[in-house]
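Reader: I'm new to reading protein models. Could you walk me through this one?

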Amino acid sequence: MKFEFYNPTRLIFGAGRLPEIGKITKNYGRKALIVTGGGSVKRSGAFDRVVSSLLEEGVETVECAGIEPNPRITSVKRGAQIARKEDCDVVVALGGGSVMDAAKVIAAAALYDGDPWNMINHGQQNWLPPSKALPVITIPTLAATGSEMNRGAVISNSETKIKSFVLAECLYPKVALVDPELTLTVPKDQTAYGVCDIITHVTEGYFNNRANTPIQDRFAEGVIINAIEWGSKAVADGNDLEARTQVQWASIVALNGWVQAGAKGSSPVHMIEHALSAHHDIAHGAGLSIISPAWMRFTAKVYPGKFVQFAQRVFALKARNPEDTECALEGINRLEEYFRSIGCPTRLSELGIGDELFTQYARDSILVSHDENGKLPGRLPMSEKDIVEILKSAS
Ligand code: NZQ
Ligand code: ZN
């Protein structure tokens, strides 16, 4: 193992902590751009509570509302314009992953020369991630992406139909204020999609890394086992604050870099899902619950070992030997059944997606991420044809 770990985001976690936002924010600026989505934070009252806490501490507020799920680069540009015009010096993201991602890129775009789309890796020759950004404070209202405590953001371009990511140190939020009470209003379907996203963030590293990583494996399995257990409870009863709390903690550790330290793999399931949601505007977690088991079956046939370990440790299945393909596939079936049990789709047809654009999704995934052989990186690198096969098996 050889790695470097860095995560400068201060994490403030716990039910009932939202009113601390004013005191926190005044350390970073005097005028906050509050970024929000389609209205859930207005309906829940969270927005008003944030504004009054900020005003109490002498922080002025300006809003950029209307960030859509699968946030668009046009919204980022609009937000950056508001930040510049209003001379905002800090950005507060109040919402799900889409709002947080947009807010991070808005914070960078406000200080960026040129077209903000150049920051996003969309296959261009000169990828120009940002080197500076306004300070960002994240307040997640949905447990899923882990965006609140990482340096990534995912943005879509509805003209080119590419959805892709930017990774940059300046995008680490200064503070993540995580109050699980804010997630009590998340509907069942989004709760389930979030659980699927959490699990997939962990399985991407777990199944794709090649190093010997016994400690990370146990971390990963612990996060998965808990996401499964508490995820079911949160879906069954949205008012179960303990379940909401555990799921939200899982969402943070799943993608703040800790579980992946020394065990970083590629993220082929995410790359394929991003291509799908760019074309069909589906919920990220819903796409993952379809692609993830299909990709696992594709890889497990060639590299069953890690899948056997997963089946044994996560689902307590018995293996005849460490390469027992049958056991490996049964573990994948169990995970797929779990996704189904919490209400996630597991076939493309459930979302009304046919096979017309399979080659296009494959091309788009490879455009964004490819190895020296032009394949989508993964434990088993994938050609365009392989990705189409995976998609067919998920039809
Ligand atoms: O827009 P509003 O009205 O706020 O409603 C949202 C939206 O309709 C709603 N919602 C959020 N919090 C709520 C709530 N409804 C009721 N009560 C609440 N407390 O949920 C819907 C979905 O929100 P969204 O932010 O899109 O979901 P999620 O958090 O799953 O974020 C998905 C986005 O993050 C990207 C995805 O690709 C997708 O674009 N990702 C970002 C990552 C990162 N930055 O590290 C990693 C992920 O792998 C992922 O790719
Ligand atoms: Zn994800």
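Reader: Leaving out residues up to four places away in sequence, which residues does Ala-311 touch?

Author: Before that, a word on the ground rules: this is a predicted model, so local features need pLDDT of at least 70 and side-chain atom pairs count only at pLDDT 80 or more, while totals for chains, interfaces and linings use all residues. Residues are numbered from 1 along each chain as its sequence is written, chains are lettered from A and ligands numbered from 1 in the order in which they are written, and side-chain values use heavy atoms, with hydrogens and water left out. Ala-311 sits in helix 11 (residues 304–315), where a helix is a DSSP run of H or I with at least four residues, a strand is a run of E with at least two, and both are numbered from the N terminus. Contact means heavy atoms within 4.5 Å, and Ala-311 touches Ala-316, Leu-317, Cys-327 and Gly-331.

Reader: Is Ala-311 buried or exposed?

Author: Buried means under 20% relative accessible area, exposed over 50%, and partly exposed in between (1.4 Å probe, protein chains only). Ala-311 has a relative accessible area of 0%, so the word for it is buried.

Reader: And Thr-213, which lies in a loop: why does that residue count as buried?

Author: The loop in question runs between helix 6 (188–208) and helix 7 (214–236). Apart from neighbours within four places in sequence, Thr-213 is in contact with Met-1, Gly-262, Ala-263 and Lys-306. Thr-213 counts as buried because its relative accessibility is 1%.

Reader: Where does ligand 1 lie relative to the two domains?

Author: The chain is divided into domain 1 (10–183) and domain 2 (188–393), with bounds that come from an automatic or database domain assignment. Their C-alpha centres are 26 Å apart. Both domains give residues to the shell around ligand 1, so the ligand lies between them.

Reader: How many residues surround ligand 1?

Author: A residue is near a molecule or strand if one of its heavy atoms lies within 4 Å of it. The closest ones here are Gly-38, Ser-40, Gly-97, Ser-98 and His-201. The number surrounding ligand 1 is 32.

Reader: How far is a polar side-chain atom of His-284 from an oxygen atom of ligand 1?

Author: A polar contact is a pair of N or O atoms within 3.5 Å; within protein, one must be able to donate a hydrogen and the other to accept it, and residues adjacent in sequence count only if both atoms are side-chain atoms. Ser-40 has a polar side-chain atom 2.7 Å from an oxygen atom of ligand 1, and for Asn-150 the distance is 2.9 Å. For His-284, the value is 3.1 Å.
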